[in-house]
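User: I've got a fold here that I'd like to talk through, residue by residue and then strand by strand. Can you take my questions as they come?

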Amino acid sequence: MVRTNVFINFSNHPINGWSEGQRNAAMKYGTLVEIPFPRISPQMDECELKTLSDKCFSEILNKISGKEATVHIMGEMTLTFSLVERLRSIGVRCVASTTERNTIEYPDGRKESVFQFVRFREYQ
């Protein structure tokens, strides 16, 4: 049986806003699927975060069932950490996007940063 490859984008950055280079790099992992990263209140306690992690984990598992999956996880760090640990424990590859940050500093003190995608890096 041939398994389908899928690339789940679980981040705050929708695929339709990615550069062509980032989309092409992601497509090497498989068919692109979007799962938006939830908003996380700074007031959320650990119990609430665990409940949210369970919900997100189930949603990801439903999307990858029967498939060879890579999950791009970028977002609030405690949820990201929880999900990366759980997914890797069941053999799911998890990656982060890496970028070059180019910053322009203006005389009035404002800063403008432009991020350019470089590659995906696997969580270890």
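User: Is Arg-23 buried, partly exposed or exposed?
Analyst: Buried means under 20% relative accessible area and exposed over 50%, with partly exposed in between (1.4 Å probe, protein chains only). Arg-23 has a relative accessible area of 28%. So Arg-23 counts as partly exposed.

User: Before we go on, what kind of model is this?
Analyst: Residues are numbered from 1 along each chain as its sequence is written, and side-chain values use heavy atoms, with hydrogens and water left out. Local features need pLDDT of at least 70, side-chain atom pairs count only at pLDDT 80 or more, and totals for chains, interfaces and linings use all residues, since the model is predicted.

User: Which residues is Arg-23 in contact with, leaving aside its neighbours within four places in sequence?
Analyst: Arg-23 sits in helix α1, residues 20-27; helices (H or I, at least four residues) and strands (E, at least two) are DSSP runs, numbered from the N terminus. Contact means heavy atoms within 4.5 Å. With those neighbours set aside, the partners are Ile-15, Asn-16, Trp-18 and Leu-32.

User: What is the strand order of the open sheet?
Analyst: Two strands pair if DSSP finds at least two bridges between them. The sheet has five strands with mixed pairing. Its edge strands, each pairing on one side only, are β2 (31-34) and β5 (111-122). Written out, the order is β2-β1-β3-β4-β5.

User: In what sense do β1 and β3 pair, and over how many bridges?
Analyst: Strand β1 covers residues 5-11 and strand β3 residues 68-74. Asn-5 stands opposite Glu-68 in β3. The pairing is parallel, over seven bridges.

User: What angle does the direction of helix α2 make with that of β1?
Analyst: Axes are lines fitted to C-alpha atoms, for helices over the stretch in contact, and angles run from 0 to 180 degrees between N-to-C directions. Helix α2 (residues 46-64) packs on the sheet and touches β1, β2 and β3. Its direction relative to β1 comes out at about 155°.

User: How are Phe-10 and Phe-37 paired: stacked, tilted or edge-to-face?
Analyst: Rings of Phe, Tyr and Trp (its six-membered ring) pair if their centres lie within 6.5 Å; planes under 30 degrees apart count as stacked, over 60 as edge-to-face and the rest as tilted. Phe-10 is in strand β1 and Phe-37 in the loop between β2 and α2, 27 residues apart. Their rings are 4.8 Å centre to centre, with 50° between the planes. That makes the pair tilted.
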